[in-house]
Amino acid sequence: MAKVSMAGVGEFCHHYPRVATIVTVHAKGKDNAMAAAWHSAISINPPIYGVSISPRRFTLELILEAKEFGVNFMPTEQAELIASVGGSSGREGDKFQRFGIVKEKPLKTSVPILKDAYACYECRLMDHKTYGDHVWVVGEILASHFEKELFTGKQVLNLERVSPALYLGAELYTIPAKDTIRHLDRKVYGKR
Ligand SMILES: Cc1cc2nc3c(=O)[nH]c(=O)nc-3n(C[C@H](O)[C@H](O)[C@H](O)COP(=O)(O)O)c2cc1C
């Protein structure tokens with residue numbers, strides 16, 4: 001199959017699917033939550049995580065104030081919540097109240113931990129830098145929360161028990177097909 005080649009990126013959807021998360025923050029006496037699909041692990045030791053956030057988001061304003069943020073990893077059953085917090089702004093009102101979001105106690109920060117998340121990181125803001133029209137927000141993971149029974153002994157997500165919400169772009173969500181898992185050991189495959 002021949003590729004279409006073009007200057008630039010068009011609809012910018014070629015890098016999906018991506019795990020859709022909910023980024024949370026507590027500042028100015030308010031909780032807020034937004035959907036974020038542009039995020040990444042950056043370092044293992046110390047553990048550092050990054051999220052790309054537009055300066056138009058109320059969440060960014062609050063993160064810069066609080067100097068901390070949470071990254072909540074959601075099961076596919078919560079895709080509607082992801083679309084809800086990703087389709088409204090905390091400037092218009094309290095999303096926790098409006099969407100009935102239940103939170104749990106954080107360990108090291110004041111960020112809301114979402115009860116329905118299968119895992120969550122509490123991050124302390126280390127750095128932020130503007131790239132183009134987004135700000136790359138970098139945080140040290142001070143604490144993590146996860147549903148132990150949804151992970152294998154190696155802390156791999158058990159797809160028999162939970163499906164992460166994957167965002168496909170264009171307001172579409174999907175799930176990974178669990179019967180397609182393959183174990184390809186890099187030590188073996190690197191020597192082929
Ligand atoms: C699936 C999905 C993924 C999103 N990913 C991001 C993202 O990575 N970065 C970003 O700045 N906005 C992203 N958004 C948009 C924000 O979630 C949205 O603008 C939200 O309303 C911001 O809320 P706030 O103003 O309360 O911060 C995403 C939206 C959706 C639905």
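Glu61 counts as partly exposed, at 34% relative accessibility. The areas themselves come from the Shrake-Rupley method, and for residues only the protein chains shown count as cover. Keep in mind that this is a predicted model, where local features need pLDDT of at least 70 and side-chain atom pairs count only at pLDDT 80 or more, while totals for chains, interfaces and linings use all residues. Residues are numbered from 1 along each chain as its sequence is written, and side-chain values use heavy atoms, leaving out hydrogens and water.

So what does Glu61 pair with in a salt bridge? Its partner is Lys28, with the closest N and O atoms 3.1 Å apart. Lys28 lies in the loop between β2 and β3 and Glu61 in helix α1, so the pair ties together parts that are 33 residues apart in sequence. Helices (H or I, at least four residues) and strands (E, at least two) are DSSP runs, numbered from the N terminus. A salt bridge here is a side-chain nitrogen of Lys or Arg within 4 Å of a carboxyl oxygen of Asp or Glu. Side chains of opposite charge can pair when their charged atoms come close. Lys28 is partly exposed too, with a relative accessible area of 47%.

By this rule the count comes to five salt bridges. Another one joins Lys103 and Asp31, whose closest N and O atoms are 2.3 Å apart. This pair links distant parts of the chain, with Lys103 in strand β7 (residues 103–104) and Asp31 in strand β3, 72 residues apart. Lys103 is partly exposed at 45% relative accessibility, whereas Asp31 is buried at 16%. Then there's Arg98 with Glu92, at 4.0 Å from N to O. Glu92 is exposed, with a relative accessible area of 62%, and Arg98 is exposed at 53%. Salt bridges that share partners also join Lys28, Glu61 and Arg91 into one network.

Back to helix α1, which spans residues 58–66. Which of its residues are buried? They are Phe58, Thr59, Leu60, Leu62 and Ile63. Their cover includes strands β2 (21–27), β3 (30–36), β5 (48–53), β6 (68–73), β9 (119–131) and β10. After the helix comes Lys67, whose phi is positive, near 60 degrees.

Now for the surface. Patches are made of residues with over 30% relative accessible area and no salt bridge, joining like charges within 9 Å and nonpolar side chains (Val, Leu, Ile, Met, Phe, Trp, Tyr) within 5 Å. Leu184, Val188 and Tyr189 make a nonpolar patch of about 280 Å². Tyr189 sits in helix α4 (residues 186–189) and is partly exposed at 40%. A positive patch is formed by Lys154, Arg186, Lys187 and Lys191. Lys and Arg count as positive and Asp and Glu as negative, with His and the chain ends not counted. The place of a charge is taken as NZ of Lys, CZ of Arg, CG of Asp or CD of Glu. Lys191 lies in the segment after α4 and is exposed, at 71% relative accessibility. The negative patch of Glu104, Asp116, Glu147 and Glu149 includes a loop residue: Glu149 is between β10 (134–146) and β11 (166–169).

Methods: Areas by Shrake-Rupley, 256 points an atom, 1.4 Å probe, with all protein chains shown as cover. Buried < 20%, exposed > 50% of the residue type's maximum accessible area, 1.4 Å probe, protein only. Contact = heavy atoms within 4.5 Å.
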